[in-house]
Amino acid sequence: MQGRIDWKYALSLELDDPGIDASVLSEFRQRLVRGGVEQQLLDKLLARAQERGWIEAGGAQRTDSTHVEAALRRLHRLELIGETLRAALNSLAVLVPEWLSVLLSPDWFERYSCRVEDYRFPQDKQERHQMMLRFGTDGHRLLSAIYADPTGPDWLGQVPAVEGSPQVWIQQFYLDAEQRLHLREQAQGQPPSGGRIGSPYELEARFSRKRQTEWVGYKVHLTEICEAHQPHLITHVETTRATTADSKLTQSIHQALQDKELCPQEHLVDTAYIDAPLSIDTQQVYNIELLGPVLPDSSWQARTPQGLDITHFEIDWTQQQARCPPGHLSSTWELERDQRGQQRVKIRFPAQVCQACPLKAQCTRSQKNGRSLSVRPQAQHLALQQARDTQQSEEFKQRYAARAGIEGTLSQAVSFGLRRCRYKGIAKTHLQHVITATAINVVRLINWLHEQPFAQTRTSHFAQLANTP
């Protein structure tokens with residue numbers, strides 16, 4: 001580790017401080033860098049299939065993701081703090097026993113000699129709070145010695161069991177102006193559950209939730225060919241943290257397919273992978289049609305039968321004005337950015353006109369202001385409206401039906417152990433996923449060369465009676 005840091009200053013920082021990643025956390029972590037060797041396992045098989053003419057660019061491919069459970073035991077807050085400190089002490093006791101012995105207090109042996117899960121934690125909330133502060137104080141003393149004591153070895157912060165401790169302590173504790181240690185709650189900037197480290201033994205896994213499914217770990221994205229005349233080989237595998245939005249992967253998947261000269265003509269995805277800017281960029285940059293349902297208009301006007309949603313307004317992009325159904329013109333047109341940093345156009349109508357309008361109940365619920373519209377820039381807005389109209393057609397539904405086959409691929413991959421990590425860290429987890437996808441491709445190539453037909457969706461014997469004449 002290069003140089004020393006002011007450990008007390010690090011604990012005093014707010015977690016949303018814009019400089020914390022560069023000035024503190026980046027010094028605590030050495031990120032794993034993928035060399036790309038694991039991806040070659042899959043790419044070489046795909047290249048050989050291309051040489052033989054078994055697969056080719058163009059046509060249709062489909063993508064979906066599933067959750068991956070990390071190789072860890074989920075810990076509650078008290079267990080996490082105690083086990084993080086205990087893991088660091090165990091490693092240091094092997095590497096620098098003399099240095100650690102000088103630092104230790106006699107009562108540490110009683111507290112940290114056994115696994116934290118074997119503790120008999122107090123049931124009283126205040127007592128548990130005090131135990132966490134005791135762990136926190138001991139950990140603060142240890143980390144201060146590691147990072148601020150000039151007499152200690154410079155490499156102590158690089159010990160794997162120590163590496164994640166500063167992040168856990170910054171997420172869980174803070175120092176006030178009097179240098180007193182406190183538990184960091186939400187009001188003091190504690191990150192949401194998806195941003196916290198959940199185990200000292202697996203620093204990159206994160207908590208996430210999708211509908212009724214909760215897990216700590218990662219997500220894996222599989223892309224496969226879905227042409228009837230080609231084997232349904234998996235063309236790309238991407239492993240991400242559990243909190244990474246699917247839409248963040250769309251462009252990287254397309255770039256990877258372009259690098260392999262396997263770009264599809266149409267890419268079938270679900271709503272999570274698609275939005276208006278991505279649809280435009282994908283068509284312009286990669287010449288790929290991104291086929292999938294976009295999110296519907298969620299405004300109350302769109303969900304009300306007689307409501308006046310955005311489709312009832314005429315937008316003049318040249319004059320930067322909008323006209324409402326009764327014929328009134330907007331008063332302001334402003335550019336802004338939403339919470340995700342995407343550009344929006346905010347259009348407002350005069351309050352006196354809207355409040356006196358006979359269609360007010362169908363248009364706005366504001367008792368003081370006029371109707372306001374928030375729309376994307378022109379190209380994105382028009383693409384979004386066209387997509388919403390198109391996805392209602394029977395033609396779209398028939399084309400999009402092919403995406404359902406990716407569920408069978410995920411099911412097959414799960415049977416190969418895809419959903420449970422055998423290793424720790426995102427790099428090794430990705431290697432596991434690439435090997436799994438390669439094995440599936442080998443199985444599918446063998447079946448295809450032996451002219452075995454694609455498996456059909458399973459139907460129960462009882463359900464088959466419905467088709468019996």
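Q: How many bridges join strand β12 to β13?
A: Four. This is a predicted model, by the way. Strand β12 covers residues 343–348, and β12 and β13 run antiparallel.

Q: Which residue in β13 is the bridge partner of R348?
A: S372 is the partner of R348.

Q: What sheet are these strands in, and in what order?
A: An open sheet of three strands. The order is β11-β12-β13, with antiparallel pairing.

Q: Which are the edge strands?
A: β11, residues 332–337, and β13, residues 372–375. Each of these two pairs on one side only.

Q: And how far are neighbouring strands turned against each other?
A: By 25° on average, with direction ignored.

Q: OK, helices now. At what angle do the axes of α17 and α18 cross?
A: At roughly 110°. The axes come within 10 Å. Helix α17 is residues 406–415, and helix α18 is residues 426–449.

Q: So what does that make α17 relative to α18: roughly parallel or roughly perpendicular?
A: Roughly perpendicular, because angles of 65 to 115 degrees count that way.

Q: Is the crossing left-handed or right-handed?
A: The crossing of α17 and α18 is right-handed.

Q: Which residues make the contact?
A: On α17, they are T409, Q412 and A413. On α18, they are T436, I440, V443 and R444.

Q: How many of them are nonpolar, polar or charged?
A: The contact has three nonpolar residues, three polar ones and one charged residue.

Definitions and conventions:
Residues numbered from 1 in each chain as written. Predicted model: local features only at pLDDT ≥ 70, side-chain atom pairs only at ≥ 80, totals over all residues. Heavy atoms only, no water. Axes fitted to C-alpha atoms, helices over the stretch in contact; angles between N-to-C directions. Parallel < 35°, antiparallel > 145°, perpendicular 65-115°, else oblique. Left-handed = near helix turned anticlockwise from the far one by under 90°. Contact = heavy atoms within 4.5 Å. Nonpolar A, V, L, I, M, F, W, Y, C, P; charged D, E, K, R; others polar. Pairing = 2+ DSSP bridges.
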